[in-house]
Amino acid sequence: MKLVYKCIGKNMVVKFIGEIDHHQSKTVREEIDSVIYNDNIKNIIFDFSNVDFMDSSGIGMILGRYKKVEDKDGKIFLVNVRGNLDDIFKISGLYSVAQKYNTVSEALEVV
Amino acid sequence: MDNINFDNYMHLEFLNKSENESFARATVGAFVAQLDPTVSAITEIKTAVSEAVTNAVIYAYESKIDYIYISCGIVGRDVYINVEDKGIGIPDIEQALEPAYTTKPESERAGMGFTIMQSFMDELTVESKTGVGTIVKMMKSIEE
């Protein structure tokens, strides 16, 4: 999996490309955390438009980032969530701490 | 696997390396493809296999290198998948099946693996004995 990100003020837009599993999530979380720390990120928008596969390791990875930003009242946004991923997010109760939007620009309007 | 006369059957064994999580789910997905399932059904099976294999990679052998075994049988439209390890076992299966239960929260485990397997498959049973190992047995019927 590859990760592409851009920072807009205190907001980080993270786009995953490929498959998110236990093996892959180990490396991306370090990469995201260093940006959260160095750029003083408050809100994170995760873009799933190019994710081919995700299992519950992705839930752990998202919740871990939520814990990094919740102290500064930061929020997590999930965009371009399709079929199976939506099921996994619903089953795991992720929508109680993260909000779903259709597109990155819709999420950026409300951050 | 249980005594069923399968129309087709395959067996995999591989080391408990996290690199093999994608190998395992892709291989089972490719085997099941002969039933011409929907993309959604294939994704559900791959996700369930990924959850079971990831559990075995993370919890079964602690830091030891050892084997994980997958058996997959097809009878009619039913797919049977067993994911087995010969690791430390699960002392309390009922507790392990509870949503959000994990013994490794520090590794960012959400504890949702079994819940997702139960949601995506039609049947799930877990057999485990401390010091002997664990078998996760799953079944899913593929719609015509």
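**Two chains and their contact in a predicted model**

Mentor: N84(A) has a relative accessible area of 15%, and so it is buried. The model we are looking at is predicted.

Trainee: Which residues does N84(A) touch, not counting residues up to four places away in sequence?

Mentor: N84(A) sits in helix α3 of chain A. One residue that N84(A) touches is in its own chain, M54(A). The list also includes residues of chain B: T43(B), E44(B), T47(B) and F120(B).

Trainee: How much area do chain A and chain B bury between them?

Mentor: The contact draws 21 residues from chain A and 24 residues from chain B. Carbon and sulfur atoms carry 54% of the buried area, and the total is about 1800 Å².

Trainee: Which residues of chain A lose the most area to chain B?

Mentor: Together they make up 30% of what the chain A side buries. They are H22(A), F53(A) and I91(A).

Trainee: What covers the buried residues of α1(A)?

Mentor: The buried residues of α1(A) are H22(A), S25(A), V28(A), I32(A), D33(A), V35(A) and I36(A). From chain A, the cover includes β1 (2–8), β2 (11–20), β3 (43–54) and α2. From chain B, the cover includes α1 and α2 (39–60).

Trainee: How far apart are the end C-alpha atoms of helix α1 of chain A?

Mentor: This helix runs over residues 22–38, which is 17 residues.

Trainee: Which residue of chain A forms a salt bridge with R25(B)?

Mentor: Side chains of opposite charge can pair when their charged atoms come close. Between chain A and chain B there are four salt bridges. For R25(B), the closest N and O atoms are 2.9 Å apart, and the partner is D21(A).

Trainee: Where does E108(B) lie, given its salt bridge with R65(A)?

Mentor: The side chains of E108(B) and R65(A) meet at 2.7 Å, N to O. Because R65(A) is in helix α2 (residues 56–69) of chain A and E108(B) is in chain B, the pair joins two chains. Both E108(B) and R65(A) are buried. E108(B) lies in the loop between α3 (93–97) and α4 (113–120) of chain B.

Trainee: D86(A) forms a salt bridge with K90(A); is D86(A) buried or exposed?

Mentor: The closest N and O atoms of D86(A) and K90(A) are 3.1 Å apart. The two are four residues apart in helix α3 (residues 83–92) of chain A, so about one helical turn separates them. K90(A), at 51% relative accessibility, counts as exposed. D86(A) is at 11% and therefore counts as buried.

Trainee: K86(B) lies over the face of which ring?

Mentor: K86(B) also meets E84(B) in a salt bridge (3.4 Å, N to O). At 47% relative accessibility, K86(B) counts as partly exposed; E84(B), at 24%, is partly exposed too. K86(B) is 5.1 Å from the centre of the ring in question, that of Y69(B).

Trainee: Which residues do salt bridges that share partners join into one network?

Mentor: The structure holds 13 salt bridges over all chains. Those that share partners join residues of chain A with one of chain B, E108(B). The network consists of R29(A), D33(A), R65(A), K68(A) and E108(B).

Trainee: How many aromatic pairs does a search of the whole structure find?

Mentor: A pair of aromatic rings is described by the distance of the centres and the angle of the planes. Ring pairs link F16(A), F46(A), F48(A), F89(A) and Y95(A) into a cluster. Over all chains, the number of aromatic pairs is ten.

Trainee: Why is the pair of F77(A) and Y101(A) tilted?

Mentor: F77(A) is in strand β4 (residues 76–79) and Y101(A) in strand β5 (residues 98–101) of chain A, 24 residues apart. F77(A) is buried at 1% relative accessibility, while Y101(A) is partly exposed at 23%. The ring centres are 5.8 Å apart, and the pair is tilted because the planes are at 50°.

Notes: Residues are numbered from 1 along each chain as its sequence is written. Chains are lettered from A and ligands numbered from 1 in the order in which they are written. This is a predicted model: local features need pLDDT of at least 70, side-chain atom pairs count only at pLDDT 80 or more; totals for chains, interfaces and linings use all residues. Side-chain values use heavy atoms; hydrogens and water are left out. Rings of Phe, Tyr and Trp (its six-membered ring) pair if their centres lie within 6.5 Å; planes under 30 degrees apart count as stacked, over 60 as edge-to-face and the rest as tilted. Buried means under 20% relative accessible area, exposed over 50%, partly exposed in between (1.4 Å probe, protein chains only). A charge sits over a ring if NZ of Lys or CZ of Arg is within 6 Å of the ring centre and within 35 degrees of the ring normal. Contact means heavy atoms within 4.5 Å. Buried area is the accessible area (1.4 Å probe) that two parts lose on being put together, summed over both. The expected span of a helix is 1.5 Å times one less than its number of residues.
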